[in-house]
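Me: I have a model open and want to learn how to read it. Can you take me through some features?

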Amino acid sequence: TPDGTITGGSGKIELTNKLQNPKFALDIIKKDAEKDKNNNDVFLKDVEFKLEKLKAETTAEGKTQWVVDESYPFDNTNTGSITGTTGTDGKITPNPFKDLEPGTYRLTETKAHPGYNLLAQPIVIKFTQDGKCYIDGEEVKKEDKTFNKGTNNTYTMTLTVLNRKTPELPHTGADAPSLWL
């Protein structure tokens, strides 16, 4: 009723909780840290990333360690981890890193663009129940404009991963094979 009162009936009220867990998406953009001669971004294609869901486990010594949650379903065919490869725009399309539950994830670059090194270490991403995101332990602030809330309690983290070309080592030594006596 408009005034918020209930009259008559059995006095039994049934409430259904419609609050759903937030869902997260991780959008990757892979590009060169340097711009080209025309000051344009250089996007890197054929770069492969693996995303793993982590869970805390207690060791026999009572210490907490993070291990891959092998039973976490990313989709109908991938549990524990899922991979995606960038296209010519540096993005992974379609994006496999979506509908993620709150929790801790590890993003690893498993294949680099030719002439580039792999990322030195994985990136740890944490999504929280209250709609926050942490990258390697640092909270992503709303002002950064990289972590945005969408409709239906969904959030998208746009992560730009920069890389530099592998410097070519100067050629040293003799061209002919040497024999040591």
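Me: Which strands form a hairpin, and how many residues lie between them?
Reply: Strands are DSSP E runs of at least two residues, numbered from the N terminus. Here β2 and β3 form a hairpin with five residues between them. In the turn, G62 has a positive phi of about 85°. This is a predicted model: local features need pLDDT of at least 70, side-chain atom pairs 80 or more, while totals for chains, interfaces and linings use all residues. Numbering runs from 1 along each chain as its sequence is written, and side-chain values use heavy atoms, without hydrogens and water.

Me: In what sense do β2 and β3 pair?
Reply: Two strands pair if DSSP finds at least two bridges between them. β2 (residues 48–58) and β3 (residues 64–68) pair in the antiparallel sense, over five bridges. T58 has T64 as its bridge partner.

Me: Is D69 buried or exposed?
Reply: Buried means under 20% relative accessible area; exposed is over 50%, partly exposed in between (1.4 Å probe, protein chains only). D69 is buried, yet has no salt bridge. That bridge needs a Lys or Arg side-chain nitrogen within 4 Å of an Asp or Glu carboxyl oxygen. K55, the nearest side chain of opposite charge, is 4.3 Å away.

Me: Over which ring faces does K53 lie?
Reply: A charge sits over a ring if NZ of Lys or CZ of Arg is within 6 Å of the ring centre and within 35 degrees of the ring normal. K53 lies over Y72, at 5.3 Å from the ring centre. K53 also lies over Y105, at 5.6 Å.

How values were computed: Helix = DSSP H or I, 4+ residues; strand = E, 2+ residues; numbered from the N terminus. Lys, Arg positive; Asp, Glu negative; His and termini not counted.
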